[in-house]
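This report covers helix packing, chain interfaces and salt bridges. The structure comes first, then the details.

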Amino acid sequence: MSNVIDYFQAYQLVDWLSFMISILLVVLAFLAINSKSLIKAVMFISSLSMLAVVGFVVMKAPDVAVTEAVIGSGLVTSLFVFTLLGVGKVGQK
Amino acid sequence: MSAVLLIAVPLLAAFLSILYKKAAPYLLLAVSFAAVLLLNYVDFGTITIGGFAAPYGISLVFDSFSKVALTVVNILFFLVSIISIWNYKKLGTVLLVALAGLNGLLLTGDLFNLFVFIEVSGIAAYIITTTNKKPLATFNYLVLGTVGSSLYLLGLIILYAMFGTLNMADLSLEIAGSGASNLVTAFPFLLMFIGLGVEAKLLPFNSWVKGILGNSNTLSGPMIAAVYASAMAFVFGRLLTSVFVFSDQLMLIVSIVIIFSITAGEAMAYASTKAREILLFSSIAQAAIVVLVFALGFTGFGAILAAVNGFSKLVLFLVINHATEEVGSDEVEELKGIFIENKLVGAGFTVATLSILGLPLFVGFVVKMNVLKSLFMADKLIFPAVILLASVVEGVYFVKLLVKLWYKKDAPASVSFGLPIAYLVTVIAVLLIIFGLYTAPLTDLASDLVNITQGGLL
Amino acid sequence: MKNFLAFVASMGLGVMIILSLTSNEFFPEFGSADVSSRVSQGYIDRDVTEANVGVEFGVSENLESGPANIVTAIVADYRSFDTLGEVTVLFVSSLGVALLLGTAVQGRIKLDFRPNFMLKVGSRALFGIILMTGVFIIIHGHLTPGGGFPGGTMIASSILLLYLADDQFRTKVTSFKVLESFAGSLYVLIGIAGLFIADYFLVNFLDNGVLGELFSAGIVPIIYVLIGLKVGSEISGIIDNFLTEEVA
Amino acid sequence: MIQFAAIILMMLGLYGLLTQRNVIKIIISLNVLEIGLNLFIISVGYVDGGIAPIFTGVASTNAVNFVDPLPQALVLTAIVIGVGTTALGLALAKNIYQKYGTFELDEMGEE
């Protein structure tokens, strides 16, 4: 047990950040996959992708972060929303 | 001529063809015909792209193996396009991209570049299969294909993390030089094998095949079953002979997957009553046999088997899909007697089936005979047993199919095959017989390929 | 129950992967990757074709590859062929979307709200700003994070803004086609030109300049501009196809 | 830590693919899988205390402890390819909806 405590005491701010990101990533992914409403799932995947951007920045990959923010989070989400708009599913279930 | 033009020119043509859509089919035919013609003038060797040498930049490898592969795939591609493009003119640009992607698959010597080309040709394939008008089947294919390529990418990244390189030749050197046990590399290799297995129709990763080929038309059927399947077989051959090093445990898993694919494919083909399904299940088994031959180390015969299967399947799928389109059903009972009025096409179809079966007098026999002989000599008795058993089952259902297609009672289904199909089928059948009788060039080629690939990539 | 089993199975697989990676002595632990033993060191030192002379920002001149951004150097120079393939993927998928969703008579999807005056004016103003940002990102792709792909997508998103703010708006699709075709063909043609000038496909045949300056890196900024234009027009095409439907 | 989360994310995507019976949700699962894969690829190149791979006034020579730039370049490619497949998948989903009137695989009847 003391091992575990030592392990966490050695954590610095960035480590805590990455720890939080990891937990949130898994939770958001679970929500995105299991939510019943399609539009909510789309919003969850959008925030998952935004969180992944933070992960990329923490891992010192600014190029990937910019690309994922614009393409993964922005464009993909809008394509999902347009698909749902096109079949009139937004706002329902 | 540099081999990179085989990729660059189709791409250029594809980009230009969207300006004037009507020209796309003609551009496609011109480019693919030029590719077939100019293949003989391509210089052997490693082509460095951007001037950065092998492990750093991307390199393309043009050796005898890729030459055979490119020749087979380009000829098949040209034949399929010239016969089937006229009903699907909209797809001209997509087919140009597919040609570039397939040539890239066969040429590249870089693992990540291979992933890019898998995606290029894969997305082109998804679009080609949308002509089946079964969006659900295409969607299934897309999901499975994407998962497969993701697994391949995962495996390749683990390899990169371990050995720090993406080049195939460099990677196999690094693996050999690092003293890593086969167990260490087993996991990434397994991931890559599964990823490619999705595209190469290996069970249990191939649930897309039924939806795609079971509803195929004269373009998508031959394109996926003949062109893409033989291209993937050659890619497998390249990776299995020059990159993958299988440990005993991994070999066991791989063999089980392959043998499972063969037996399940043959069993389902035996049980099926639809002509297209018989062909597709049998093509699953055929693909698995080709992969097995490569995995056992017979590069030369594997390549020839893949080539022969490609041509035979082109004939089978073309004929059956054309007949299905005219009759409106692919139940064997409805197709009874279609060859009575088309004796020439029927003869060609029969020759192609018998060649796949591996009967004497046909090309398939030469390859199967040699593989079996080498296997018996290597004391690996389980594999020849499986291959022979598969051939027997194949014999039963193919002969049943042939009898029904030739059989006449009162009103045979009437199908008129156009002149191009009849002509093509006849030529391929004649070639299958000629090379079946005159086997020297094939065995020479096979030993040639073995020599090349034993030294690894150029 | 079936879901739970699938969950347990996939999590078990995940744990298996983690265990097999951590027990693998060749797989570096997270954070301890040894860059110097990988090919990447060559991209950092710029010593693939030339001797290692050291790289210094703002000083080094005419290195084998000019971009100050190492990722750009890989994407648009060392492994430019991958990027060509990647542009092709986007190209063919935009073609596929057009084939699947394109119909003879097209009209806009009906939105539930009517855009008011402020929204229209505001979006016109924002359109310019986003467009400029996109262009800036593309042009500075070899110096700062970003480049052709995010920049091109930003250009497309500025057009998307016009779509959302004005329900009468439809782009001239044909002009996009011309732009797309032009940019793609030019990319391949630059590659083929390299084949004739220096015997290598996609070789960097222009002067590389001083590391870190705006006018440096040879053909890399040109390629990034082409990629940006192509990606922008392709994604605009995709968005256009998603936002139109058949008019009865 | 993020590396393990990335693997778990991939497996969650796989779980979604196995259990979801809705076309849109399947594409979402595919996206989760791709995000996890991208995070994993980047994590493979991370170096503790490393610097983002760009020559700047601060990190000005090649002696600086940069993180591995190659995985980042690969992810850039992978992201764009992912968008391509997602767009195509969504277009297919729209076609499926037009044909069957639903996104649920179980409600489509035959096939």
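## Salt bridges

B:Asp63 and B:Arg238 form a salt bridge, with their closest N and O atoms 3.2 Å apart. (A salt bridge is a side-chain nitrogen of Lys or Arg within 4 Å of a carboxyl oxygen of Asp or Glu.) The pair links distant parts of the chain, 175 residues apart. B:Asp63 sits in the loop between β2 (59-62) and α3 (64-84) of chain B, and B:Arg238 in helix α10 (residues 220-242) of chain B. Helices (H or I, at least four residues) and strands (E, at least two) are DSSP runs, numbered from the N terminus.

This is a predicted model: local features need pLDDT of at least 70, side-chain atom pairs count only at pLDDT 80 or more, and totals for chains, interfaces and linings use all residues. Residues are numbered from 1 along each chain as its sequence is written, chains are lettered from A and ligands numbered from 1 in the order in which they are written, and side-chain values use heavy atoms, with hydrogens and water left out.

Over all chains, the structure holds 5 salt bridges. Another pair is C:Arg79 with B:Asp110, where the closest N and O atoms are 2.8 Å apart.

## Interfaces of chain B

Contact means heavy atoms within 4.5 Å. Buried area is the accessible area (1.4 Å probe) that two parts lose on being put together, summed over both.

| Interface | Residues in contact | Buried area | Share on carbon and sulfur | Salt bridges |
| Chain B and chain C | 53 residues from chain B, 48 residues from chain C | about 4,400 Å² | 78% | 1 salt bridge |
| Chain B and chain D | 26 residues of chain B, 32 residues of chain D | about 2,500 Å² | 87% | 0 salt bridges |

## Helix packing

Axes are lines fitted to C-alpha atoms, for helices over the stretch in contact, and angles run from 0 to 180 degrees between N-to-C directions. Angles under 35 degrees count as roughly parallel, over 145 as roughly antiparallel, 65 to 115 as roughly perpendicular and the rest as oblique.

Take chains C and D. Helix α1 (residues 2-22) of chain C packs on helix α1 (residues 2-19) of chain D at about 150 degrees, with the axes 9 Å apart. The two helices are therefore roughly antiparallel. Their crossing is right-handed. (A crossing is left-handed if the near helix is turned anticlockwise from the far one by less than a right angle, and right-handed if clockwise.) Residues in the contact include C:Phe7, C:Met11 and C:Ile18 in α1(C), and D:Phe4, D:Met11 and D:Tyr15 in α1(D). By class, this contact has 15 nonpolar, 5 polar and no charged residues. Ala, Val, Leu, Ile, Met, Phe, Trp, Tyr, Cys and Pro count as nonpolar, Asp, Glu, Lys and Arg as charged, and the others, Gly among them, as polar.

Helix α1(D) also meets chain A. The axes of helix α2 (residues 13-34) of chain A and α1(D) come within 9 Å and cross at roughly 5 degrees. So α2(A) is roughly parallel to α1(D). Among the residues that meet are A:Leu25 and A:Phe30 in α2(A), with D:Leu9 and D:Leu12 in α1(D). The contact divides into 11 nonpolar, 5 polar and no charged residues.

Within chain B, helix α14 (residues 343-357) and helix α17 (residues 419-437) have axes that come within 8 Å and cross at roughly 40 degrees. That makes α14(B) oblique to α17(B). The crossing is left-handed.
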